[in-house]
Amino acid sequence: MTGKYVAYVSCYTQGGKDGIKIYDVDIKKGVFIEKAKVEISNSSYVTISHNRKYLYSITDYGVEAYRILEDGMLETISAASINGMRGCYLSTDYEDKYLFVAGYHDGKITALRLNEDGSVGEITEEIYHKGIGSIADRNFRPHVNCVKMTRDNRFLLAADLGLDHIKVYELNHITGKMKLIDIIHSEQYSGPRHIKISRDGQYIYVIHEAKCYIDVYKYRVAEDGNPEFEKIQTIPTLNDYHAGDSAASALNISEDFRYITASNAGDNSVTIYKIDHRNGELSKILCLPVSGSYPKDAALFPDNKHLVSLNHENNTMTFFAVDMEKEILVMNTREIRILQPNCIVFHKIG
């Protein structure tokens with residue numbers, strides 16, 4: 001593995017101030033060394049632009065934009081309101097012209113224009129999901145939990161955990177407006193949460209919080225220009241034996257697109273799958289404990305030989321050596337204390 005990396009970890013602050021932590025990454029040892037802290041309120045999710053120049057973060061009042069410096073440090077560029085409640089997820093389109101924000105609390109999708117210098121411009125679209133979900137004690141209303149463009153940059157996929165479906169919007173790249181063009185219906189009571197897409201864009205992976213499984217879809221565009229999604233696999237995120245009241249949380253794909261990781265709250269475990277690039281299907285390699293409580297995110301290091309788990313409820317990050325052939329995780333260093341970590345992104349520097 002060549003090159004140096006930093007890791008950006010976003011956190012809830014609740015009275016604190018350091019919402020983003022920056023770490024130097026020791027790839028060989030599989031450990032983090034704290035580098036800096038960024039003052040921001042409740043940075044619940046961060047994303048890096050596809051040109052790798054900018055980092056965008058959720059914050060209480062909307063979003064903030066940062067320039068990524070050569071050493072991985074962050075320089076504030078701008079902030080913008082999303083005209084709604086605090087978001088839970090954000091991503092850019094593949095040309096880095098628009099920033100999309102998912103609203104869990106108000107069931108809203110917000111699209112904002114991005115300027116050439118990485119700063120966030122005006123809101124171009126606001127869409128509120130409507131309807132009644134299937135779990136009356138919690139998901140009785142829309143909860144948009146993830147927004148991600150298809151890799152051909154044509155359609156925005158919006159996972160609604162409350163309504164048990166993924167809405168598909170066609171993006172007008174000039175106006176920034178979106179038109180609903182399809183709905184992918186998940187199983188009732190399943191709670192679609194996060195979406196990842198294969199390197200070639202043909203396969204879409206959706207993790208479902210409530211029923212703890214991943215659906216795999218084959219994606220294509222028909223001759224009439226409409227998207228088509230064919231479900232080809234459903235695979236659980238848990239072992240046959242597991243803790244009750246488990247909830248699947250984050251979904252991550254390795255830097256080389258060979259593996260997918262899923263974390264399970266309640267069960268407090270991480271699952272690693274291998275991607276079959278011939279047909280997009282997943283095969284489970286392991287599902288093992290993370291030595292922490294409520295892993296909100298878990299990700300492989302860029303070498304695929306180490307893994308980090310962000311344990312939200314006991315305020316730690318735990319680190320493991322990964323042996324894919326032996327199908328084991330072994331804790332390889334002491335845990336790091338960190339207040340309510342929620343999301344991690346690796347970034348290559350230099």
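User: Ala, Val, Leu, Ile, Met, Phe, Trp, Tyr, Cys and Pro count as nonpolar, Asp, Glu, Lys and Arg as charged, and the others, Gly among them, as polar. How do the residues lining the largest pocket divide among these classes?

Analyst: This is a predicted model, in which local features need pLDDT of at least 70 and side-chain atom pairs pLDDT 80 or more, while totals for chains, interfaces and linings use all residues. Residues are numbered from 1 along each chain as its sequence is written, and side-chain values use heavy atoms, with hydrogens and water left out. A pocket is an open set of points on a 1 Å grid over the protein atoms alone, with protein on both sides within 12 Å along at least five of seven lines, and lining residues have an atom within 4 Å of a point. For the largest pocket, the lining divides into 22 nonpolar, nine polar and seven charged residues.

User: Which residues lie nearest the centre of the largest pocket?

Analyst: The volume of this pocket, meaning the space filled by probe spheres set on the grid points, is about 990 Å³. Of its 38 lining residues, those nearest the centre are Arg52, Lys196, Ile253, Val345 and Phe346.

User: Which strand gives the most to the lining of the largest pocket?

Analyst: Strands are DSSP runs of E with at least two residues, numbered from the N terminus. Several supply at least two lining residues each, including strand 4 (46-48), strand 12 (144-149) and strand 29 (341-349). With six residues, the one that gives the most is strand 29.

User: What is the volume of the second largest pocket?

Analyst: This pocket has 19 lining residues, with Tyr12, Cys88, Asn145, Arg193 and Lys296 nearest its centre. Strand 16 and strand 24 are the elements that give two or more residues to the lining. By class, the lining holds seven nonpolar, six polar and six charged residues. The volume is about 330 Å³.

User: How many residues of strand 5 are buried?

Analyst: Buried means under 20% relative accessible area, computed with a 1.4 Å probe on protein chains only. On one side of strand 5, Tyr54, Tyr56 and Ile58 are buried, and on the other Leu55, Ser57 and Thr59. The number buried in strand 5 (residues 54-59) is therefore six of six.

User: How many residues apart in sequence are the parts tied together by Phe32 and Phe319?

Analyst: Rings of Phe, Tyr and Trp (its six-membered ring) pair if their centres lie within 6.5 Å, and planes over 60 degrees apart count as edge-to-face. Phe32 and Phe319 form an edge-to-face pair at 4.9 Å centre to centre, with 80° between the planes. Both residues are buried. Phe32 lies in strand 3 and Phe319 in strand 26, so the parts tied together are separated in sequence by 287 residues.

Key: On a 1 Å grid over the protein atoms alone, a cavity is a set of points where a 1.4 Å probe fits but cannot get out, and a pocket is an open set with protein on both sides within 12 Å along at least five of seven lines; lining residues have an atom within 4 Å of a point. Helices (H or I, at least four residues) and strands (E, at least two) are DSSP runs, numbered from the N terminus. Rings of Phe, Tyr and Trp (its six-membered ring) pair if their centres lie within 6.5 Å; planes under 30 degrees apart count as stacked, over 60 as edge-to-face and the rest as tilted. Buried means under 20% relative accessible area, exposed over 50%, partly exposed in between (1.4 Å probe, protein chains only).
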